[in-house]
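Here is a short tour of one protein model. Keep the sequence and the 3D view open as you read.

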Amino acid sequence: MFTGIVEELGEVTAVENLGDASRFRLRGPVVTDGAKHGDSIAVNGVCLTVVETGDGEFTADVMAETLKRSSLGALAAGSRVNLERPTAVGDRLGGHIVQGHVDGTGEILARTPSEHWEIVKVSLPAQLARYVVEKGSITVDGVSLTVVDAGADHFTISLIPTTLALTTLGIKQPGDPVNLEVDVIAKYVERLLGADAGERAK
């Protein structure tokens, strides 16, 4: 489990095509400190398993399904990525509960700068719209954020200078894809209420 508080702005150093998968090599001295084979690291919000580590870098295999459902397939050597290690039991939950299981992708639609923050508009797949509410939580490229405004096919987020400087959201431009993970609690509530409604109908 993650919290959506990015620890490091890393970089893809190599991508190897394995046919039905890809092997990524990524640089991240902070997140690789103490990391070992089998550990998890979130890359732009996608939970990946560490294969090898060394010299501040790690490799991870990404299946075709993950490449299809996320924006990782668009990464190449030199791409910047948000990196986060799993939350340790007992640590503060600085963002919200993030699984690292991407629900879909959106696209940066517009950026509106202000003196001390920036409003970013992101497209929203129709099947995810019901989970996104004003002042609710959403994960964008692994960053835990508060929804400012929620529409039927988009939402907006407000980015503070720290987020702009320390994550990929500071450099993403209109047309760029982003990974989206909605609040898992909303999905569980929907499932439970749906099951309950079905029982009452019998």
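## Ground rules

A residue is buried when its relative accessible area is under 20%, exposed when it is over 50%, and partly exposed in between, using a 1.4 Å probe and protein chains only. Keep that scale in mind for two residues discussed below.

This is a predicted model, in which local features need pLDDT of at least 70, side-chain atom pairs count only at pLDDT 80 or more, and totals for chains, interfaces and linings use all residues. Residues are numbered from 1 along each chain as its sequence is written, and side-chain values use heavy atoms, with hydrogens and water left out.

## The whole protein

The protein has 3 helices and 12 strands. These are DSSP runs, numbered from the N terminus: helices are H or I with at least four residues, strands are E with at least two.

How does its radius of gyration fit a compact globule? For 202 residues, such a globule would have a value near 17 Å; the protein has 17 Å, so the two agree. The radius is taken over C-alpha atoms, and the globule rule is 2.2 Å times the number of residues to the power 0.38. Along the principal axes, the C-alpha atoms fill a box of roughly 55 × 50 × 40 Å.

Of the 202 residues, 42% count as buried. The protein exposes about 10500 Å², and carbon and sulfur atoms supply 53% of that area. Accessible areas come from the Shrake-Rupley method with a 1.4 Å probe; for residues, only the protein chains shown count as cover. Now take contacts between residues at least 6 apart in sequence: 71% of them join residues at least 24 apart. A contact means heavy atoms within 4.5 Å.

## Two annotated spans

UniProt lists "domain: Lumazine-binding" at residues 1-96 and 97-193, in an unreviewed entry. UniProt positions are given in the numbering used here, feature names are shortened, and annotations may be inferred rather than shown by experiment.

Residues 1-96 are 6% helix and 44% strand, and their end C-alpha atoms are 10 Å apart. Residues 97-193 are 16% helix and 41% strand, with end C-alpha atoms 21 Å apart.

## The barrel from β1 to β6

In which order do the 6 strands close into a barrel? The order is β1-β2-β5-β4-β3-β6, and the pairing is antiparallel. Neighbouring strands of this sheet are turned by 45 degrees against each other on average, direction ignored. Axes are lines fitted to C-alpha atoms, for helices over the stretch in contact, and angles run from 0 to 180 degrees between N-to-C directions. Two strands pair if DSSP finds at least two bridges between them.

Look at one pair. Strand β3 (residues 40-43) and strand β4 (residues 46-54) share 4 bridges in the antiparallel sense. S40 faces T49 in β4.

## The barrel from β7 to β12

Another 6 strands close into a barrel, in the order β7-β8-β11-β10-β9-β12, with antiparallel pairing. The twist averages 45 degrees from one strand to the next.

Strand β7 (residues 104-113) pairs with strand β8 (residues 118-123) in the antiparallel sense over 5 bridges. A hairpin of 4 residues joins β7 to β8. A110 has K121 in β8 as its bridge partner. β8 also pairs with strand β11 (residues 154-159), antiparallel, over 6 bridges. There, E118 stands opposite L159, and V122 has F155 as its bridge partner.

G10 sits in strand β1 (residues 8-17). With a relative accessible area of 2%, G10 is buried. Leaving out residues up to four places away in sequence, G10 touches R27, S79, R80, V81 and L83. G10 and V30 are 20 residues apart in sequence, and their C-alpha atoms are 9.1 Å apart in space.

Where does T167 lie? T167 is in the loop between α2 (161-166) and β12 (177-182). Its relative accessible area is 6%, so T167 is buried. Leaving out residues up to four places away in sequence, T167 touches V6, L9, N82 and V143.
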